Amino acid sequence: MVQQLEHSHTTDRKRIAFERLWEAERERVWRLCARLSNSTDAADDLAQEVSIRAWQAWGGFKGLASPRTWLHRIAVNVCLHWRERQKPTTMLDEALAGSAEGSPERIALQTDEKSRIHAALDRLP
């Protein structure tokens, strides 16, 4: 019973410490995400992903860096991963944008083909 109480207090302290860190750094993380993604819409989702990943990793935080630096690194990694996932579709969009010429039927077929390619890319691991 005593161990459960000690664990509960430790868990509460960790949760409170994380909440304080996130509250202090949330806006900075969002700005970093907006800068790295060039999108305020994406920044909202990316910052949320950063908070989830940071919370999941919080128990393993060893304090080798400051919590702010640690959180910054998580944010950068989340954004870089997001950017890597964006590349194939962005390049595809640019390539197909120039080919959308001709009859309405041809444009419709190209749009359908583009949708199928995007769906196939989304299924890739």
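Author: Arg 26 and Glu 23 are 3 residues apart in helix H1, so about one helical turn separates them. Helices here are DSSP runs (H or I, at least four residues) and strands are E runs of at least two, numbered from the N terminus. This is a predicted model, where local features need pLDDT of at least 70, side-chain atom pairs count only at pLDDT 80 or more, and totals for chains, interfaces and linings use all residues. Residues are numbered from 1 along each chain as its sequence is written, and side-chain values use heavy atoms, leaving out hydrogens and water.

Reader: What does Arg 26 form with Glu 23?

Author: A salt bridge, with the closest N and O atoms 3.0 Å apart. The term means a side-chain nitrogen of Lys or Arg within 4 Å of a carboxyl oxygen of Asp or Glu.

Reader: Is Glu 23 buried or exposed?

Author: Glu 23 is exposed, at 51% relative accessible area, while Arg 26 is partly exposed at 40%. Buried means under 20%, exposed over 50%, and partly exposed in between (1.4 Å probe, protein chains only).

Reader: How many salt bridges does the structure hold?

Author: It holds 5. Glu 25, Arg 28 and Arg 68 are linked in a network of them. Glu 25 pairs with Arg 28 at 3.2 Å between the closest N and O atoms, and with Arg 68 at 3.6 Å, N to O. Glu 25 lies in helix H1 and Arg 68 in helix H3, so this second pair ties together parts that are 43 residues apart in sequence.

Reader: New topic. How many disulfides are there?

Author: There are 0. A disulfide needs two cysteine sulfur atoms within 2.5 Å. The sulfur of Cys 33 has its closest cysteine sulfur in Cys 79, 3.5 Å away, so the two are too far apart for a bond. Cys 33 is buried, at 0% relative accessible area, and Cys 79 is also buried at 0%.

Reader: Which residues have the most contacts inside the largest nonpolar core?

Author: Cys 33 is one of them, along with Val 29, Leu 46, Val 50, Trp 70 and Leu 71, in a core of 22 residues. Such a core is a set of buried Ala, Val, Leu, Ile, Met, Phe, Trp, Tyr and Cys residues joined through side-chain atoms within 4.5 Å.

Reader: Where does the largest share of this core come from?

Author: From H3, with 8 residues.
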